Amino acid sequence: MLDALKYLLGSFGASGYGSKSTAEEVTENCPDLGSITAVITGATSGIGAETARVLAKRGARLVLPARSLKAAEEAKARIVAELPNSEIVVMALDLSSLDSVRCFVSEFESLDLPLNLLINNAGKFTHEHAISEDGIEMTFATNYLGHFLLTKLLLNKMIETAKKTGVQGRIVNVSSTIHSWFSGDVIRYLGLITRNKSQYDATRAYAVSKLANVLHTKELAQRLKQMDANVTVNCVHPGIVRTRLTRETEGIVTDLIFFLTSKFLKTIPQAAATTCYVATHPRLVNVSGKYFADCNEAWTSKLGSNSQEASRLWSASEIMTARDSRAIFDPLDASD
């Protein structure tokens with residue numbers, strides 16, 4: 001009850017920010033980002049678009065990968081109209097396709113740009129059961145597996161940039177408190193809904209993908225520490241906001257839920273605040289493997305903090321993203 005009251009009042013936490021803080025407010029005192037290159041997925045609308053706008057306002061060069069180049073160009077145009085000196089590169093990327101991820105990384109590397117900041121923001125809520133071209137359930141493929149491969153393939157560039165510049169690289173995985181709605185065996189459940197349409201539940205599938213983001217953050221932080229890499233990774237819950245993602249669930253029940261919880265909804269500038277805080281604030285130098293909500297460190301679910309499950313998911317993800325993953329990976333056989 002006390003936490004809910006603090007949320008409604010926008011009370012500041014240890015960071016000096018809270019649920020009512022905006023992306024512009026939390027970046028007001030951050031260092032100039034003129035030397036920073038950021039890749040932001042899902043930046044054509046909603047939270048991602050606001051994140052991109054605010055980082056551009058602080059001077060960052062942006063790379064905006066998107067499935068729809070038209071939507072990405074429109075997002076770029078909106079930022080440039082407000083901030084004419086912005087440097088923004090638009091590129092093609094379909095996160096549900098592992099080949100598309102590989103193509104994007106290859107094209108990005110050909111630009112010979114540094115990479116200081118990777119924000120894995122894109123998200124999809126798939127109402128109807130669908131399978132990606134790689135044979136993986138579509139929500140999981142888009143929200144988690146594509147980002148897993150993207151991060152893996154860009155990691156050397158980030159480590160190299162950090163070494164050359166002395167500026168610590170940061171990876172931000174956008175998850176959701178909904179990750180706590182799933183308890184069970186992630187890999188076995190993925191196999192179940194990939195194979196069996198009748199077992200598919202859109203909300204549970206979304207929760208699994210967001211839990212995977214949390215587990216990815218935990219395992220990657222450990223690996224970066226072992227590598228002595230000057231790169232951190234953290235995970236954020238942006239808060240509940242009526243973006244395109246939630247508008248896709250239109251209906252009487254959904255509208256009623258949003259009406260009843262309207263006092264808890266954030267504006268888009270507020271929802272982008274935690275991502276921008278974790279991506280830029282000097283307070284978070286050397287902070288890695290953590291989960292943030294309302295611009296303050298928070299707790300994940302019990303399963304989300306399980307190191308063994310994080311390691312297990314990583315191993316399965318390595319197999320799923322191998323070029324012959326369809327032929328060699330069966331989630332049900334890999335669940336033990």
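**Exercise 1. Find the residue that caps the N-terminal end of α7, then work out how covered this helix is.**

Solution. Step 1: Look at D185, which caps the N-terminal end of α7 with a side-chain oxygen 3.1 Å from the backbone nitrogen of I187. This is a polar contact, meaning a pair of N or O atoms within 3.5 Å; within protein, one must be able to donate a hydrogen and the other to accept it, and residues adjacent in sequence count only if both atoms are side-chain atoms. Helices (H or I, at least four residues) and strands (E, at least two) are DSSP runs, numbered from the N terminus.

Before going on, please note that this is a predicted model, in which local features need pLDDT of at least 70 and side-chain atom pairs count only at pLDDT 80 or more, while totals for chains, interfaces and linings use all residues. Residues are numbered from 1 along each chain as its sequence is written, and side-chain values use heavy atoms, with hydrogens and water left out.

Step 1: Check the cover of α7, which runs over residues 186–195: 7 of its 10 residues are buried. Buried means under 20% relative accessible area, exposed over 50%, and partly exposed in between (1.4 Å probe, protein chains only).

Step 2: Name the buried residues of α7, which are V186, I187, Y189, L190, G191, I193 and T194. They pack against α6 (138–165), α8 (202–227) and α13 (307–320).

**Exercise 2. Trace the neighbours of strand β4.**

Solution. Step 1: Begin with the side chains of β4 (residues 117–120): L117 and I119 point one way, L118 and N120 the other way, and all are buried.

Step 1: Turn to β1 (residues 37–40), which pairs with β4 in the parallel sense over 3 bridges. Two strands pair if DSSP finds at least two bridges between them. V39 has L118 as its bridge partner in β4.

Step 2: Now take β5 (residues 169–174), which is joined to β4 in the parallel sense over 4 bridges. Here N120 stands opposite N173.

**Exercise 3. Decide whether C276 is buried or exposed, and list what it touches.**

Solution. Step 1: Locate C276 in helix α12 (residues 273–280). Its relative accessibility is 0%, so C276 counts as buried.

Step 1: List its contacts (heavy atoms within 4.5 Å). Not counting residues up to four places away in sequence, C276 touches A23, V26, T27, T51, V54 and H281.

Step 2: Look at L55, 221 residues from C276 along the chain: the two C-alpha atoms are separated by 7.6 Å.

Step 3: Follow on to α3 (residues 46–57), where T51, V54 and L55 are among the buried residues. In α3, 11 of the 12 residues are buried, so the helix is largely enclosed by the rest of the structure.
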